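Below is a short briefing on sheets, helix packing and ring pairs. Look at the sequence and the fold first.

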Amino acid sequence: MFKKIAFLIVFASLVLAACQPAAPAATQAPAKVWTYKDMTVGVLQTGSEGGWRAANTKSFKETATQLGLTLKFYDSQNDLAKQVAGFQQFVQDPEVDVIVLQALEVTGWEQVMKDAKAAGKIVVVSDRRIDGLEGYFVTYIGADFVEEGRKAGNEMCKLLEDSATKNVWELVGNVGSSAAIDRGIGFRETAAKCGIEVTKSQTANWSVVEGKQVTEAWLKETKDVQGIFGQNDEMAFGAIEALKEAGLVPAQDVKLISVDATGGAFQAMLDGTLNVTVECNPLLAPQVYEAALAALNGETLPAWIPSQESVFYMDDPNLKDVAAGRSY
Ligand code: GYE
């Protein structure tokens, strides 16, 4: 009997509780509306390997000051282990709200991405994509490197249209980076259409010095080359020096195409030593910070926010004015 009464009392109180109207909205703490001034952003930079990177770093630092957000800038010195350690550091830093990854390589991010998610950090991947791990970062902001490679392949086809042989050498970025992998894929896709053969391909780590050394070594083996594809401006500059020292005329005897379109590339085109440069926009910070703020305020972002890019030509009659109007 006693048990029945006890059960009825418990049951009645449960029914009563369920019928209680929800607490008026006024008492629930309104979701925090983030502003740039509330944000602390940890940026994991690759290193300082050239003109593009310098413009990219400047974009992050200057835009942070303009917006009034707190920036923690980590220079990975082009060392993957250092970049992973920097990521962990930002995960453990209670002040950091957002982590921006500019990945040296496409793999190696699984554990730290999981740790960041567990720690409630917003992660934005910018500049260079990584493999997989969708759901662990809110968006990728950066270029279509495959398309950049395709553009370079199409331009090399035009430059070698009347050439009996179409042997092209490729100076590649750092091994394992999405920029290097994808530009190579895109270039081969379109270059093959006009019978171009990539007869030599080697990393020169985005650098002028290595671009020159690699090209010099190849020129010692053979001078049967009609075009050089530098996956960035700096490596193409190195090739230009090597060609000159080998008695070849850059952009005439050997056609040259680079990617980035930094100020140095415009100067090389004005000097008549570089035929074409395919733009890769380094000024990513405004889009990155905007996306981070939107994500902190609960917005869902597109998986990829591509940057807008063009192609520039040595034989453009307005090249001088175009070059004068460039901001990097
Ligand atoms: O092309 C190169 C830099 O990630 C797009 O990195 C960037 C590349 C750029 O070292 O100059």
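Which residue in S8 does Glu170 stand opposite? Glu170 faces Phe229 there. This is a predicted model, in which local features need pLDDT of at least 70, side-chain atom pairs count only at pLDDT 80 or more, and totals for chains, interfaces and linings use all residues. Residues are numbered from 1 along each chain as its sequence is written, and side-chain values use heavy atoms, with hydrogens and water left out.

**Sheet with mixed pairing**

- Helices (H or I, at least four residues) and strands (E, at least two) are DSSP runs, numbered from the N terminus.
- Six strands make an open sheet with mixed pairing, in the order S7-S6-S8-S9-S10-S12. Two strands pair if DSSP finds at least two bridges between them.
- Strand S7 (197–203) and strand S12 (311–313) are the edge strands, and each pairs on one side only.
- On average, neighbouring strands of this sheet are turned by 15 degrees against each other, direction ignored. Axes are lines fitted to C-alpha atoms, for helices over the stretch in contact, and angles run from 0 to 180 degrees between N-to-C directions.
- Strand S6 (residues 167–172) and strand S8 (residues 227–230) run parallel and are joined by four bridges.

**Helices on that sheet**

- Helix H5 (residues 145–159) packs on the sheet and touches S6, S8, strand S9 (255–260), strand S10 (276–279) and S12. Contact means heavy atoms within 4.5 Å.
- The direction of H5 makes about 160 degrees with that of S9.
- Helix H8 (residues 233–245) lies across S6, S8, S9 and S10. H8 runs at about 155 degrees to S9.

**Sheet with parallel pairing**

- A six-stranded open sheet has the order S2-S1-S3-S4-S5-S11, with parallel pairing.
- Its edge strands are strand S2 (70–75) and strand S11 (304–306), each pairing on one side only.
- Neighbouring strands here are turned by 20 degrees against each other on average, direction ignored.
- Strand S4 (residues 122–127) runs parallel to strand S5 (residues 139–142), and four bridges join them.
- Val125 stands opposite Tyr140 in S5.

**Helix H5 with helix H6**

- H5 and helix H6 (residues 178–191) have axes 6 Å apart and pack at an angle of about 40 degrees.
- H5 and H6 are therefore oblique to each other. Angles under 35 degrees count as roughly parallel, over 145 as roughly antiparallel, 65 to 115 as roughly perpendicular and the rest as oblique.
- The H5 and H6 crossing is right-handed. A crossing is left-handed if the near helix is turned anticlockwise from the far one by less than a right angle, and right-handed if clockwise.
- Contact residues of H5 include Phe145, Val146 and Met156, while those of H6 include Ala179, Arg183 and Phe187.
- By class, this H5 and H6 contact has eight nonpolar, six polar and five charged residues. Ala, Val, Leu, Ile, Met, Phe, Trp, Tyr, Cys and Pro count as nonpolar, Asp, Glu, Lys and Arg as charged, and the others, Gly among them, as polar.

**Helix H7 with helix H8**

- The axes of helix H7 (residues 208–221) and H8 come within 7 Å and cross at roughly 40 degrees.
- H7 and H8 are therefore oblique to each other, and the crossing is right-handed.
- The contact of H7 with H8 has seven nonpolar, three polar and five charged residues.

**Helix H3 with helix H4**

- Helix H3 (residues 80–92) and helix H4 (residues 110–118) cross at roughly 10 degrees, and their axes come within 9 Å.
- H3 and H4 are therefore roughly parallel to each other.
- Val84, Phe87, Gln88 and Val91 of H3 meet Val112, Met113, Asp115 and Ala116 of H4.
- The contact divides into six nonpolar, one polar and one charged residue.

**Aromatic pairs**

- The structure holds seven aromatic pairs. Rings of Phe, Tyr and Trp (its six-membered ring) pair if their centres lie within 6.5 Å; planes under 30 degrees apart count as stacked, over 60 as edge-to-face and the rest as tilted.
- One of the pairs is Phe60 with Tyr289, which is edge-to-face at 5.8 Å centre to centre and 80 degrees between the planes.
- Phe60 lies in helix H2 (residues 51–67) and Tyr289 in helix H10 (residues 285–296), so the pair ties together parts 229 residues apart in sequence.
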